[in-house]
Amino acid sequence: MPCFPHVLFFSLRVLDLEQENRMSPSNLGIVFGPTLMKPKPTGATVSLSSLVDYPHQARIVEALIV
C-alpha cells in the first residue's frame, strides 16, 4: 500500500502540470481515494457500502491535496 506522504508529494507534482495532463485535484481524488481509504473487507468482491463510499473518499483526498 502506498504511503500517504509519497502519494501527496506525487499528486502535487502532477498538479504542477495540470494544464498539460488534465489531472485536477478532483481527478486525483477519484484515482487515489479508493486506494488510500480501503473499505472494510467483506465476503463480497465489491460491497454496496464500498460503492457508496467512493465519492466521499474522493472528496477527502481532493481536500487534502488542495
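Q: What does "buried" mean here, and where do the other two classes start?
A: Buried means under 20% relative accessible area, exposed means over 50%, and partly exposed is whatever falls in between. Keep in mind that this is a predicted model.

Q: Why is Phe32 called buried?
A: Its relative accessible area is 15%, and the cut-off for buried is under 20%.

Q: Is Phe10 buried, exposed or partly exposed, and how do you know?
A: Phe10 comes in at 45% relative accessibility. Buried needs under 20% and exposed needs over 50%, so Phe10 lands in the partly exposed class.

Q: What makes the rings of Phe10 and Phe32 a pair, and what kind of pair is it?
A: Their centres sit 6.1 Å apart, and the pairing limit is within 6.5 Å. The planes meet at 85°, and over 60 degrees counts as edge-to-face, so that's the label. One aromatic pair is what a search of the whole structure turns up.

Q: Which parts does the pair of Phe10 and Phe32 tie together?
A: Phe10 belongs to helix 1 and Phe32 to helix 3, so the pair links parts 22 residues apart in sequence.

Q: Which residues make the contact between helix 1 and helix 3?
A: Helix 1 brings Phe4, Val7, Phe10, Ser11, Val14 and Leu15, while helix 3 brings Pro25, Leu28, Phe32 and Leu36. Sorted by class, that's nine nonpolar residues, one polar and no charged ones.

Q: What makes Arg22 exposed?
A: Arg22 has 68% relative accessibility, and exposed means over 50%, so it qualifies. You'll find Arg22 in the loop between helix 2 (18-21) and helix 3. It also has a positive phi of about 60°, although it isn't a glycine.

Q: What pattern does the chain follow along its sequence?
A: It reads α-α-α-α, with four helices and zero strands. Of the 66 residues in the chain, 26% are buried.

Terms used: Residues numbered from 1 in each chain as written. Predicted model: local features only at pLDDT ≥ 70, side-chain atom pairs only at ≥ 80, totals over all residues. Heavy atoms only, no water. Contact = heavy atoms within 4.5 Å. Helix = DSSP H or I, 4+ residues; strand = E, 2+ residues; numbered from the N terminus. Nonpolar A, V, L, I, M, F, W, Y, C, P; charged D, E, K, R; others polar. Phe/Tyr/Trp six-rings, centres within 6.5 Å; stacked < 30°, edge-to-face > 60°. Buried < 20%, exposed > 50% of the residue type's maximum accessible area, 1.4 Å probe, protein only.
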